[in-house]
Amino acid sequence: MNVEFTRQFLAEAKQVIDRLDVDVIEKTAVLLAETRTRGGRLFILGVGGSAANASHAVNDFRKITGIEAYTPTDNVSELTARTNDEGWESVFSEWLKISRLNHKDTIMVLSVGGGHMEKNVSPNLVSALNFAKKVGAGIIGIVSRDGGYTATVADACVIVPVVNASHITPHAEAFQGIIWHLLVSHPLLKVVKTKWESVVQQAEPVV
């Protein structure tokens, strides 16, 4: 049994929570609320495990907060066609052009490293962010490491702190989920009760 590993991993998760920047998370909530107020859309970008998180997050932002949200990785046919025909680097930026990304909209990047063009790490995120800047769209991120390119251009970027260099990816992707669930539950954003919470409240006896 590897009980010590399990204890260490969970202890690291506690450290991550203690070191998260609450002010940046609050700013992110405000920016998302402003996006909804001005009738903007939310486009969530991620690769690998972060792409799966993006799909889940799109559901939550649409259903719980009433924000019109999308992710390009939900359409595997277009994603693979663009990758095959145009290349990986432009796959998100070209999708955003067809989606008519504009100044009312906001991009949310879910990523471990945040993108780095010179190191050829998630260049598709970098290209998408450059396009977002060009059209004046808002930019927010939930990333780790040093935040990469996302942190340098975002209006608000929540950085999942590195507490163990061997566990950067699992902590980054796990805390993406915690942070976006915090956001869709935030009083500034939540407009629809989630199913189990509403069921429990209905079942509570009246005193």
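Let's start with helix H3, residues 49-65, and helix H8, residues 168-185, whose axes are 10 Å apart and meet at an angle of about 10 degrees. Axes here are lines fitted to C-alpha atoms, for helices over the stretch in contact, and angles run from 0 to 180 degrees between N-to-C directions. That angle makes H3 roughly parallel to H8; the label covers angles under 35 degrees, while over 145 is roughly antiparallel, 65 to 115 roughly perpendicular and the rest oblique.

Before going on, a word on the source: this is a predicted model, where local features need pLDDT of at least 70 and side-chain atom pairs count only at pLDDT 80 or more, while totals for chains, interfaces and linings use all residues. Residues are numbered from 1 along each chain as its sequence is written, and side-chain values use heavy atoms, with hydrogens and water left out. Helices (H or I, at least four residues) and strands (E, at least two) are DSSP runs, numbered from the N terminus.

Back to our pair. Among the H3 residues that meet H8 are His56 and Phe61, and the H8 side includes Trp180 and Leu183; contact means heavy atoms within 4.5 Å. By class, this contact has six nonpolar, seven polar and two charged residues. Ala, Val, Leu, Ile, Met, Phe, Trp, Tyr, Cys and Pro count as nonpolar, Asp, Glu, Lys and Arg as charged, and the others, Gly among them, as polar.

Now the sheet. Five strands form an open, parallel sheet in the order E2-E1-E3-E4-E5, where two strands pair if DSSP finds at least two bridges between them. E2 and E5 (156-159) stand at the edges with a single partner strand each, so one side of each has no neighbour in the sheet. Strand E1, residues 42-46, is joined to E2 by two bridges, and Leu42 stands opposite Ala69 in E2.

What lies across E1, E2 and E3? That is H5, running at about 165 degrees to E1. H5, residues 91-98, also packs with H4 at an angle of about 120 degrees, their axes 9 Å apart, and the two are therefore oblique to each other. Leu79 and Arg82 of H4 are among the residues making that contact, as are Phe92 and Trp95 of H5. Five nonpolar, one polar and four charged residues make up this contact.

Let me finish around H4. Asn75 caps its N-terminal end, with a side-chain oxygen 3.3 Å from the backbone nitrogen of Ser77. Just after H4, Gly87 takes a positive phi of about 105 degrees. Thr73 sits in the loop between strand E2 (69-70) and helix H4 (76-86). Leaving aside neighbours within four places in sequence, Thr73 is in contact with Gly46, Ala51, Leu79 and Phe92.

How values were computed:
A polar contact is a pair of N or O atoms within 3.5 Å; within protein, one must be able to donate a hydrogen and the other to accept it, and residues adjacent in sequence count only if both atoms are side-chain atoms.
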